[in-house]
Amino acid sequence: MASLGRTGEAGAGSLRRTLTFRDLIVYGLLFIAPMAPVGIFGTLQAKSHGAIVVVYAVATLAMAFTAYSYALMVRVAPQAGSVYTYARVGLGEGAGFVAGWMAMLDYLLIPAVAYLFSGIALHALVPSVHQWVFTALAVVVTTLLNLWGVRVAARVGFAVLAMEIAVLVVFVVAAGYALLVHGALRSWTAPFTGEGAFSMGAVLSAVSVAVLSYLGFDAIASFAEESAGGARRVARAVLTCLVVAGVLFAVQTYLAALLAPMPAAELAADPGRQGDAFYVTAHAAAGEWLQKLVAASKAVGAAFAALAGQAAAGRLLFAMARDRRLPGAMSKVDEASGVPRRALLGAAAVTLVAAVWAARRDDGLDQLSSIVNVGALTAFGLLHASVIGWFGVRRGAGAPSVPRHVVVPLLGFAVVVAVIVAASATAQIVGGVWMAVGLVVLAVQYGARARAGGGGD
């Protein structure tokens with residue numbers, strides 16, 4: 001296991017313990033975004049046949065197993081790198097690299113999706129400026145904040161998070177008033193039972209998209225070396241973020257589903273209308289002012305969700321570089337700001353290219369959002385396996401029996417596999433190709449070490 005403050009051959013540094021429990025919650029909820037369902041509401045309605053609350057209930061349960069495994073492993077290995085570090089400790093060097101490699105795909109692309117959401121929302125408010133310009137501007141501004149230091153970014157993020165929650169409260173109140181005065185457009189139980197025949201297969205298909213809304217809570221674990229309260233505080237923050245997010249998602253989608261002027265079947269028949277379905281619902285519920293308020297909140301909130309994601313990506317690259325799995329230059333920590341500057345800039349560069357490329361294409365959002373989940377889900381599967389490996393195998397001989405530390409991860413692993421199977425063919429293919437490339441890189445590294453006489457450690 002890598003030690004906390006070591007300086008290794010790769011020129012590794014140590015990160016400063018400056019983040020409070022509130023800071024960790026802020027980063028987690030920023031990356032998740034309180035109104036994350038806004039962008040994918042229409043897609044989930046169409047895929048689930050209208051049973052959107054069940055979709056988020058299943059997704060929350062699936063992520064609860066993952067959060068439990070994170071909470072266990074962050075105490076075993078309280079370091080930067082998150083799932084990369086945990087798989088490395090629980091399963092070995094090779095599995096750790098694969099987990100980090102698969103998580104890297106998402107940590108680099110999820111911020112790109114968030115930046116694109118921001119660009120699309122700002123373009124809707126100011127149509128004269130192309131969305132790729134707003135997208136690029138969001139990348140630059142949030143990158144500068146991340147380079148300024150983790151505490152500064154957390155303070156600004158807290159203000160943005162407060163704004164997002166305030167807008168969500170406004171939406172809930174406006175939606176409640178509309179329901180009280182005008183009534184619901186469909187059955188009050190429809191968000192649970194669906195519009196027509198309930199289909200668990202359709203729900204699982206939607207869950208494979210809905211987990212995109214949750215992929216921020218695990219980023220908290222990436223800040224384990226920067227938490228002033230140690231591993232227990234990080235574990236508590238991971239679980240707290242998941243519970244808060246699950247409640248927020250269920251409430252807002254339930255209200256929106258009752259008020260949505262377009263039924264699920266109509267959205268399924270016309271995919272072009274899925275992207276702005278939530279905004280149309282806000283307009284129908286309270287008028288143009290609410291539609292624009294939600295759009296503005298989404299624009300700012302998405303950019304700062306990307307800020308948290310970019311910060312987590314930088315910590316992942318830093319941890320892998322410190323262990324000589326990536327170029328050692330990215331393991332350097334800036335003396336003035338205390339952040340892994342080069343790793344952050346590397347993550348920002350990849351994200352900028354992906355986000356601007358997508359912003360200049362009509363199908364850019366579909367292309368990005370279709371592949372971002374599989375990498376994280378694969379990494380989550382390896383996370384569950386690492387818990388089993390650590391508590392059930394490595395400590396199995398002569399160690400106290402802790403069945404829940406094996407049973408819960410097994411259930412989590414089964415859920416992850418089910419969601420991956422239900423994902424789109426495009427996502428499965430891209431995820432498979434990315435893993436194949438990672439395995440080639442791993443084989444090359446082992447070969448180079450063997451030739452150098454260092455073994456495969």
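Which residues in α6 meet α13, and which residues in α13 do they meet? On the α6 side they are Ala 138, Val 139, Thr 142, Thr 143, Leu 145 and Asn 146. Their partners in α13 are Ala 303, Phe 304, Leu 307, Gln 310 and Ala 311. Sorted by class, the residues of this contact comprise 7 nonpolar and 4 polar, with no charged ones. Please keep in mind that what you are looking at is a predicted model.

Now turn the view to see how these two helices pass each other. The axes of α6 and α13, the latter spanning residues 288-322, come within 9 Å and cross at roughly 50 degrees. As for handedness, α6 passes α13 in a right-handed crossing.

Let's step back for a moment to the whole chain. The protein has 18 helices and 0 strands. Of its 457 residues, 57% are buried. If you take the contacts with a sequence separation of 6 or more, 83% of them are between residues 24 or more positions apart.

Next, follow α6 to its other partner here, α5. Helix α5 covers residues 93-125 and helix α6 covers residues 131-148; their axes come within 8 Å and cross at roughly 130 degrees. That angle makes α5 oblique to α6. Once again you will find a right-handed crossing, this time of α5 past α6. The α5 side of the contact is formed by Tyr 115, Leu 116, Ser 118, Gly 119, Ile 120, Leu 122 and His 123. In α6 these residues meet Gln 131, Phe 134, Thr 135, Ala 138, Val 139 and Thr 142. The classes here come to 7 nonpolar, 6 polar and no charged residues. It is worth looking again at Ala 138, Val 139 and Thr 142, which are listed in the contact with α5 and also in the contact with α13.

Back on α13, we can move on to α14. Helix α14 runs over residues 341-359, and α13 packs with it at an angle of about 120 degrees, with the axes 8 Å apart. This makes α13 oblique to α14, and the crossing of the two is right-handed. From α13, the residues involved are Gln 310, Ala 311, Ala 313, Gly 314, Arg 315, Leu 317 and Phe 318. They meet Ala 343, Leu 344, Ala 347 and Ala 348 in α14. By class this contact has 8 nonpolar, 2 polar and 1 charged residues. Gln 310 and Ala 311 take part in this contact as well as in the one with α6.

Tyr 27 lies 284 residues from Ala 311 along the chain, yet their C-alpha atoms are 9.2 Å apart in space. Tyr 27 sits in helix α1, residues 21-32, and is buried, with a relative accessible area of 3%.

While α13 is still in view, find Ser 297, which belongs to this helix. Is Ser 297 buried or exposed? With a relative accessible area of 2%, Ser 297 is buried. Setting aside residues up to four places away in sequence, Ser 297 touches Met 35, Met 163, Glu 164, Val 167 and Ala 302.

Gly 246 is in helix α10, which spans residues 230-259, and is buried at a relative accessible area of 10%. The C-alpha atoms of Gly 246 and Tyr 56 are 7.0 Å apart, although 190 residues separate the two along the chain. Beyond its neighbours within four places in sequence, Gly 246 is in contact with Thr 60 and Tyr 214.

Finally, look at His 384 in helix α16, residues 372-394. This histidine counts as buried because its relative accessibility is 0%. Which side chain does the side chain of His 384 reach in a polar contact? The partner is the side chain of Ser 69, at 2.8 Å. Leaving out residues up to four places away in sequence, His 384 touches Phe 65, Thr 66, Ser 69, Pro 409, Gly 412, Phe 413 and Val 416.

How values were computed
Residues are numbered from 1 along each chain as its sequence is written. This is a predicted model: local features need pLDDT of at least 70, side-chain atom pairs count only at pLDDT 80 or more; totals for chains, interfaces and linings use all residues. Side-chain values use heavy atoms; hydrogens and water are left out. Helices (H or I, at least four residues) and strands (E, at least two) are DSSP runs, numbered from the N terminus. Buried means under 20% relative accessible area, exposed over 50%, partly exposed in between (1.4 Å probe, protein chains only). A polar contact is a pair of N or O atoms within 3.5 Å; within protein, one must be able to donate a hydrogen and the other to accept it, and residues adjacent in sequence count only if both atoms are side-chain atoms. Contact means heavy atoms within 4.5 Å. Axes are lines fitted to C-alpha atoms, for helices over the stretch in contact, and angles run from 0 to 180 degrees between N-to-C directions. Angles under 35 degrees count as roughly parallel, over 145 as roughly antiparallel, 65 to 115 as roughly perpendicular and the rest as oblique. A crossing is left-handed if the near helix is turned anticlockwise from the far one by less than a right angle, and right-handed if clockwise. Ala, Val, Leu, Ile, Met, Phe, Trp, Tyr, Cys and Pro count as nonpolar, Asp, Glu, Lys and Arg as charged, and the others, Gly among them, as polar.
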